Amino acid sequence: VPVIGVLALQGDVREHLAALRAQGAEAVTVRRPAELARIDGLVVPGGESTTMAKLAARFELLEPLRAAIAGGLPAYGSCAGMIMLADRLLDAPADQVTVGGLDVTVRRNAFGRQVDSFESEVALDGIAGGPLHAVFIRAPWVEEAGPEVRVLGRVVGGPADGKIVAVRQGHLVATSFHPELTGDRRVHALFVDIVREHLAQQAGAVAGNERG
Ligand code: GLN
C-alpha cells in the first residue's frame, strides 16, 4: 500500500487524507523534514499559499521538499498547492517563495478578487470519464506551461473559458480546483496511480541492482 503524505502546515488537510484513503492509499500528515523519508508521494493542499510558504520556510521544509521532488517524489498540488509547486508566479508578493518543480507560470487569485468561489465544468484530457464538475476558491490558473507540461484540464464556458486549471509534468500534478471537496475522485485516483507506478519502478530498479 502506498504511503502518501499531506503537507499539514495549513489548509484543507483532512479532506485530502479522506480522498486518498478512499483510493486505497495510507495517508499521513507531514510537518517535519524527517517525515518526508517515510512517504511515497505528497499532496500539497489548498489554503493560502503566502502563509503556507512562510510556514514551510520556518519549519525548514523548503529545501527538503525541493530535494525530494527533484529526486522524483510524486507530488500533487491543489489550489494553493498548485502555487507551491509552480516554478514562476504572477500576482504574488515579490518575496513569495515556492517549492517549484512544475515548469509553469501560475497566476494567483486569477479569477478576480471579487470571485471568491464558484463552480464550473472542466474539460479533461488524459483523464477518462467526461468533464469534471469543479469547485474553485480564490483559485489560481496556469498562465503559461513549458514544453514538458501536459494540460489535463481547461475551464468550459464563462469569462475564463479555456483557461488551464489542471496540469501534469511527469510525477507532478496540479489543479486550480478542489477535487477533495467534491465526490469526484478521478484526480486523486490518477495521483495514487502515479505513486504506485513510481513504487513499482523503484522496486524494479532495486531488483535490477541486486541481479547486476
Ligand atoms: N488564493 C489562495 C492562495 O494564494 C489559494 C486559495 C485556495 O487554496 N483555495 O494561496
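**View 1. Isoleucine 137 counts as partly exposed, because it has 18 C-beta neighbours inside 10 Å.** Here, a residue is called buried if 20 or more other C-beta atoms lie within 10 Å of its own, exposed if 12 or fewer, and partly exposed in between, with C-beta atoms placed from the backbone. Welcome to a predicted model, in which local features need pLDDT of at least 70 and side-chain atom pairs count only at pLDDT 80 or more, while totals for chains, interfaces and linings use all residues. To find your way, note that residues are numbered from 1 along each chain as its sequence is written. Isoleucine 137 sits in strand S8, which covers residues 132-137. Helices (H or I, at least four residues) and strands (E, at least two) are DSSP runs, numbered from the N terminus. Setting aside neighbours within four places in sequence, isoleucine 137 is in contact with Gly46, Cys79, Asp116, Ser117 and His178. Two residues are in contact if their C-beta atoms, placed from the backbone, lie within 7 Å.

**View 2. Arginine 138 belongs to the loop between S8 and strand S9 (141-145).** Arginine 138 counts as partly exposed, since 17 C-beta neighbours fall inside 10 Å. Apart from residues up to four places away in sequence, arginine 138 touches Asn109, Asp116 and Ser117.

**View 3. The ligand and the residues around it.** Which residues surround the ligand? They are Gly46, Gly47, Glu48, Ser49, Cys79, Ala80, Ile83, Arg108, Asn109, Ile137 and Arg138. An unreviewed UniProt entry annotates Gly47, Glu48, Ser49, Arg108, Ile137 and Arg138 as "binding site". These annotated residues span 92 residues in sequence, yet no two of their C-alpha atoms are more than 12.6 Å apart, so they gather at one spot. The UniProt positions follow the numbering used here, with feature names shortened, and the annotations may be inferred rather than shown by experiment.

**View 4. The residues that the UniProt entry, which is unreviewed, annotates as "active site" are Cys79, His178 and Glu180.** The trio is spread over 102 residues of sequence but clusters in space, with a largest C-alpha distance of 11.0 Å. Histidine 178 lies in the loop between strand S12 (172-175) and helix H5 (186-211). Is histidine 178 buried or exposed? Histidine 178 is buried, with 23 other C-beta atoms within 10 Å. Beyond its neighbours within four places in sequence, histidine 178 contacts Gly46, Ser78, Cys79, Val135 and Ile137. Glutamate 180 is also found in the loop between S12 and H5. Glutamate 180 counts as buried, with 26 C-beta neighbours inside 10 Å. Not counting residues up to four places away in sequence, glutamate 180 touches Asp12, Glu15, His16, Ala19 and Ser78.

**View 5. Helix H1 (residues 13-22) has the buried residues Val13, His16, Leu17, Ala19 and Leu20.** These residues cover an arc of only 165° around the axis, which puts them on the same side of H1. The arc is that of the directions from the helix axis to the C-beta atoms. Where do the buried residues of H1 pack? They pack against strand S1 (3-7), S2, S3 and H5. Just after H1 comes glycine 24, with a positive phi of about 90°.

**View 6. Two residues other than glycine with a positive phi.** For background, most residues other than glycine have a negative phi. Glutamate 60 has a positive phi of about 55°. Glutamate 60 is in the loop between helix H2 (49-58) and helix H3 (62-70), and is exposed, with 10 other C-beta atoms within 10 Å. For asparagine 109, phi is near 45°. Asparagine 109 lies in the loop between strand S6 (102-107) and strand S7 (117-124), and is partly exposed, with 17 other C-beta atoms within 10 Å.

**View 7. Glutamate 35 is in the loop between strand S2 (26-30) and strand S3 (41-44).** Glutamate 35 counts as partly exposed, with 17 C-beta neighbours inside 10 Å. Leaving aside neighbours within four places in sequence, glutamate 35 is in contact with Gly5 and Val30. From C-alpha to C-alpha, glutamate 35 and valine 135 are 30 Å apart in space, and they are 100 residues apart in sequence.

Notes. A residue is near a molecule or strand if its C-beta atom, placed from the backbone, lies within 6 Å of it.
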